[in-house]
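I would ask you to look at the model on the screen while I go through a few of its features.

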Amino acid sequence: MTSRAPRSPSTARKGGWARLSTVVVYAFLAGFAVLTLFPFLWMVLTSFQTPGDTFRIPPSLTPSLLFSAHPFANFAELFQRFSFGRYLLNSVFVSTVAAAGQLVTCSLAGFAFARMRFPGRGLLFGALVFTMFVPTEVTIIPEFLLMAKLNWLDTYLPLIVPSLMVGAFGTFLLTETFRSVPYGLEEAATIDGASPLRIYWHLFMPVARPALVSLFVIAFIDNWNELLRAVLYISSNDLKTAPLGLVSLQGQYQSEWTLLMAGSLLSILPMIVVYLLAQKYIVQGFVTSGIK
Amino acid sequence: MKSRFLIASITLALLGLASAQTLRYFSWEPNITEQTNALIKQFEAAHPGVKVQFEADPPNQYWPKMSALAAAHKLPDVFYMSSGYIDEWQTNGLLADLQPFTKNVDWSQYFTGVLSTARFPHGANGDLYAVPIDWVGPVLYYNKTAFDKAGVAYPSANWTWNDFLDAAKKLTVRDANGKVTQWGFWAYGRYAHIEPWVFQNDGHILNAARTRIQVDANATAALKFLADLVNVDKVAPAPKLMSGVNQQDVFPQGLAAMWVDGSWNIANNRKIIGDKFQWDIAMVPRGPAATSDTAYTWPDMMAVSANSKNKELAWEFVQFMTGTARPADTYLAGTVPFAKATEEAVLKSDASNQPAHESLMLELGKLPSRTTFTPKWSEWRGYSAAGGGGMNGELDKVFNGQESLADAIAAFTSYGNQVLARVYPNP
Amino acid sequence: MRYRRITPYLFIGPMIVGLLVFRLIPIVASLAASFTRWNVFTAPTWVGLANYRAMLGSPDFWQILRNTGVFALLYVPGTMGLGLALALLVNRELRGVTALRGVFFMPYITSVVAVAIVWRWIFATQYGVLNYLLTRVFGMAQGPSWLGDAHYALLALAIVYVWQSSGFQMLLFLAGLQNLDLSLEEAARCDGATRWQVFRHITLPLLSPMTFFILIVSLINSSKTFQVTYALTGGGPQNASTTLAYAIYQNAFVFFRMGYASALAYALLVVVGAITLANFGLRRRWVYHDEPRAS
């Protein structure tokens with residue numbers, strides 16, 4: 001956060017007001033943070049409880065396992081009984097490949113949609129945005145039949161390839177981002193004889209870095225959370241993803257809550273890591289791109 | 001990674017070639033995967049050359065997956081089947097007729113009261129299309145500690161609805177401000193809360209052919225009794241008062257002293273109640289119109305795909321998995337194994353746990369059973385993700401005091417008959 | 001810009017192939033399915049417009065459509081307002097702001113199961129946090145049944161969905177804010193413009209392409225709500241909180257009426273699609289773009 005404006009004279013004059021508004025801002029932020037953190041905190045505490053601790057009135061928030069001989073019993077059970085480590089690695093693999101792939105296909109397409117005029121542009125862009133409106137629930141069975149025809153069942157291909165090739169959200173996002181790049185820069189580069197690929201890579205990609213990084217985060221999370229497709233396409237235990245491992249902790253009549261929460265906690269950790277790493281770049285994006 | 005799924009695909013292809021001796025088996029019980037794998041090992045050891053491929057997804061994921069597999073003509077040889085869906089799957093020709101294989105079965109070893117659901121046409125003489133794994137049925141749960149405190153005698157076999165109402169009144173405890181701290185009873189429009197009372201009053205909500213909704217006088221009387229418990233007698237909370245609390249936690253958390261729901265809740269009760277209070281189960285009280293008890297019991301089953309190339313082997317596997325080989329501790333408390341010997345083992349090992357009268361399930365198993373399952377049951381009844389609609393939703397409106405019972409019956413009858421007319425154009 | 005004719009197609013090529021094969025084939029199939037009776041596990045039968053006729057003749061459909069509209073009116077402004085507010089608040093130099101950005105993002109990734117349990121506590125009629133505050137602190141006689149009363153259920157769900165997606169919105173707005181050319185803002189501030197004036201006349205217009213994008217995405221997301229609804233109200237009481245997306249799920253995977261579910265999906269598509277097209281049409285009015293000087 002080095003790019004904010006320095007304190008202007010007008011703020012300095014109204015010093016009292018500024019201080020008060022800062023207090024209000026902090027109070028709001030803190031209140032919202034509590035509301036936001038509470039479910040997460042509940043997950044953490046429940047991961048350190050025994051099944052008997054959960055669901056009492058008033059709810060027990062004591063992480064009783066922490067004071068026992070096996071504080072990490074729930075996590076240990078996940079890894080030993082359910083090969084949860086394997087599921088996590090599988091999810092990291094699938095989500096990373098799909099999200100990284102999306103950055104390439106979406107930025108290429110977004111660049112063309114934003115900065116090139118060609119016959120069919122409106123139609124194709126419309127078709128792309130249109131696909132976002134169709135609920136997966138009604139397309140998933142035809143899609144399943146297609147994947148069965150392609151002989152892709154019980155592989156990662158149905159989880160990765162479509163997502164990697166058609167990121168409608170990502171293309172839309174990057175199209176909008178590229179649109180706001182000043183035309184002057186592009187013109188200058190074209191006059192200098194730079195190839196389209198060079199312009200795309202050296203001019204547009206750096207400028208769009210905050211959007212690209214955000215897209216990676218969102219695509220990673222979306223792919224990570226993909227449950228319906230994982231259920232339908234994956235059968236082998238070795239190929240299962242983390243959400244698939246998690247639902248298997250839910251039974252017909254009752255669920256293993258403490259394990260479920262420990263598993264949920266484990267499976268959001270990679271997303272937190274990706275987000276925290278990304279945040280640095282989102283915020284630095286403007287500064288390093290050097291467009292002023 | 002890539003080579004791994006290549007290998008996986010090749011392995012699958014090879015297994016496909018050798019499919020003469022491969023059985024694919026799907027269940028919705030991922031929670032007992034290790035025990036299932038152990039059973040499969042036993043079966044494979046007894047059948048050299050046979051390989052069983054096993055996969056399990058919980059019910060919410062199981063049904064979409066099975067439907068997709070059916071659409072792609074890739075159904076596994078053996079798979080779980082529920083009472084709610086068997087009519088639909090059987091009428092669409094997806095299940096193998098198992099009747100020819102049953103000649104040597106000694107049915108006296110099993111709880112045959114629930115077989116009717118698996119036979120087509122339903123009843124004692126239909127052909128068998130699935131084999132029960134276990135079965136369940138609603139019972140009356142009651143808080144013994146609360147009964148003792150209120151000085152009320154525990155429910156007995158000859159309890160009438162008036163006795164029940166009296167008890168519920170005494171068990172409804174109010175604080176100084178008149179606010180209820182403990183309700184006598186808890187129910188809303190859910191199938192396992194309502195139907196037991198209807199059947200125990202010898203009522204029907206379907207016509208004889210089970211092709212239309214038709215609420216008879218006995219059923220109406222049962223619904224009125226339940227609605228009055230909430231709106232007139234004020235011994236049970238309106239469902240909206242309990243929103244935000246898991247319905248199955250109301251009784252074990254001590255918010256209501258009596259409750260009628262499926263026997264599988266024994267497991268949840270044990271976990272939540274612990275030793276906070278004493279509780280037990282009893283028969284749902286019989287209504288004034290009934291002269292004998294009618295149970296509401298239904299099985300979870302195992303079926304064989306109509307397209308299986310190994311029906312004989314599949315049948316052997318089904319028999320093995322639903323028989324006495326499966327250990328007693330793999331059955332959730334309150335679900336009764338189909339094999340009587342296993343249930344006896346369950347009761348023995350459960351002897352020191354609450355409820356004291358778990359053996360009530362044996363009596364339930366002897367009674368004639370009635371159900372309301374039809375094709376599209378979940379739609380007209382309002383079940384699972386549709387629990388907010390259908391008959392369930394209309395009854396909730398009655399319990400919430402927003403609709404008269406007559407209007408609700410008219411509404412869910414008309415809605416249900418529209419649904420059923422899609423399956424049975426003629427009643 | 002002047003590019004060779006083939007160039008744009010090379011850039012969009014990979015995406016177009018995927019679009020045709022993996023998206024349009026299933027979409028066309030599902031559109032066709034909307035004219036059939038199809039329970040998924042057996043072959044579909046052609047029924048012409050019967051599904052659409054049944055849909056338009058069903059009082060439930062109109063109620064669900066109304067719920068969907070009301071929900072969108074609560075959700076879209078709510079989530080965008082909150083998302084923008086959070087983004088602006090954390091796009092500044094406050095101590096601990098990096099941590100806050102992480103904290104605000106949490107609802108977007110926290111497991112729905114945990115989210116549902118905690119919001120149940122908040123919304124419970126008798127033992128809920130919210131009603132406790134309303135009765136004890138604000139002296140109301142009795143708090144409403146947030147999840148069990150037809151008047152409040154949809155509102156309660158909208159609150160949770162807004163809360164849940166605010167982190168996602170914040171992330172996008174933040175990316176938009178970080179893309180802005182700040183020299184203009186700085187210049188304006190030096191010229192004595194107030195914070196509000198700068199925001200209103202410089203930041204907001206500059207941010208408008210991103211705002212436009214977020215608006216469309218929010219509209220789409222408002223028509224895709226399922227998980228929280230399932231966990232909190234199940235669409236009840238008596239369909240009061242059932243939206244079209246929820247009804248589509250019910251029909252597809254509980255009732256196995258894939259044909260009818262598809263018809264509902266295309267009805268939804270017509271409605272949301274029309275609103276989106278209108279927005280694309282209005283876009284010139286309020287979305288700021290640098291224009292090519294000569295082309």
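In this predicted model, chain A and chain C are in contact through 76 residues of chain A and 80 residues of chain C. Which helix of chain A gives the most to the side that touches chain C? It is α14, residues 257-289, with 13 residues. Sorted by class, the side of chain A facing this contact has 53 nonpolar residues, together with 15 polar and 8 charged ones.

How confident is the predictor? For the complex, it gives an ipTM of 0.88 and a pTM of 0.89. Chain C has a mean pLDDT of 88, and 96% of its residues reach 70 or more.

Let me turn to the domains of chain A. The domain assignment gives domain 1 as 9-71 and domain 2 as 76-289. The contact between them takes 8 residues from domain 1 and 6 residues from domain 2. On the domain 1 side, 3 of the residues touching domain 2 are nonpolar and 5 are polar, with no charged residues.

Finally, I would draw your attention to one residue of chain B. B:Thr160 lies in the loop between α5 (144-150) and α6 (161-171) of that chain. Is B:Thr160 buried or exposed? B:Thr160 has 12 other C-beta atoms within 10 Å, and because a residue with 12 or fewer counts as exposed, B:Thr160 is exposed. Between the C-alpha atoms of B:Thr160 and B:Ala70, which are 90 residues apart along the chain, the separation is 48 Å.

Terms used. Residues numbered from 1 in each chain as written. Chains lettered and ligands numbered in written order. Predicted model: local features only at pLDDT ≥ 70, side-chain atom pairs only at ≥ 80, totals over all residues. Helix = DSSP H or I, 4+ residues; strand = E, 2+ residues; numbered from the N terminus. Buried ≥ 20, exposed ≤ 12 C-beta atoms within 10 Å, placed from the backbone. pLDDT = per-residue confidence, 0-100. Contact = placed C-beta atoms within 7 Å. Nonpolar A, V, L, I, M, F, W, Y, C, P; charged D, E, K, R; others polar. Domains from an automatic or database assignment.
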